[in-house]
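Please consult the sequence and the model shown below.

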Amino acid sequence: MTWTITPEPYDSPVAAALWRAYYTEVSDRWYLLHEGRRTDPAELEREISAVTGAELAPPGGQLLVARYGGEPAGSAGVRLLSPTTAELKRVFLYEGMRGRGGAAKLVTAAEEAARDLGANTIILDTRHDLVEARALYTHLGYKETDRHNNDPYAEHWFRKALLNQR
């Protein structure tokens, strides 16, 4: 089986299913860690509906979907924050697809999409409990930096230069 990664409309059924899976997992992980419960279903529906992903659409963004053996397996998105800085968003693989090299391929493809949008720097934020994500970003050359946003759930901020890396 092989990985393919292609652009996907942010509002496609495949993108919607991946967004729901991503948000459910990260929300449940937070609530289980901090409150010993899963996300309230009404809150989950409200938050999934509130964040459409439109910022991941061209011309200022791009959503990518990874497929393994032709089946949707994960996603990553980028959006321009300035003409030269992109933000990496929604890096996710279904649990059963992890450990097969897809996450690194997704992030690398997202970096290429950011370059295509004109960015020479890519930034991201993540949480302390998302240890797999932090390890991936470090492995791929991201450096931890000072806070660059006011996201109340962000606990770690990363940056990577994209120049001369094609």
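Which residue in strand 5 does alanine 86 stand opposite? Alanine 86 stands opposite isoleucine 122.

## Basis of the description

This is a predicted model, in which local features need pLDDT of at least 70 and side-chain atom pairs count only at pLDDT 80 or more, while totals for chains, interfaces and linings use all residues. Residues are numbered from 1 along each chain as its sequence is written, and side-chain values use heavy atoms, with hydrogens and water left out.

## Strand 4 and its partners

Helices (H or I, at least four residues) and strands (E, at least two) are DSSP runs numbered from the N terminus; two strands pair if DSSP finds at least two bridges between them. Strand 3 (residues 71-82) runs antiparallel to strand 4, joined by seven bridges, and the two form a hairpin with two residues between them. Within this pairing, glycine 77 is opposite lysine 89.

Strand 4 also pairs with strand 5, in the parallel sense, over three bridges. Of the nine residues of strand 4, eight are buried (under 20% relative accessible area, 1.4 Å probe, protein chains only).

## The largest pocket

The largest pocket holds about 1200 Å³ of space, a volume being the space filled by probe spheres set on the grid points, which are joined across faces, edges and corners. A pocket is an open set of points on a 1 Å grid over the protein atoms alone where a 1.4 Å probe fits, with protein on both sides within 12 Å along at least five of seven lines; lining residues have an atom within 4 Å of a point. Among its 40 lining residues, Tyr22, Val26, Arg90, Val91 and Leu130 are the closest to its centre.

Helix 1 gives the most to this lining, with nine residues.

How values were computed: Buried < 20%, exposed > 50% of the residue type's maximum accessible area, 1.4 Å probe, protein only.
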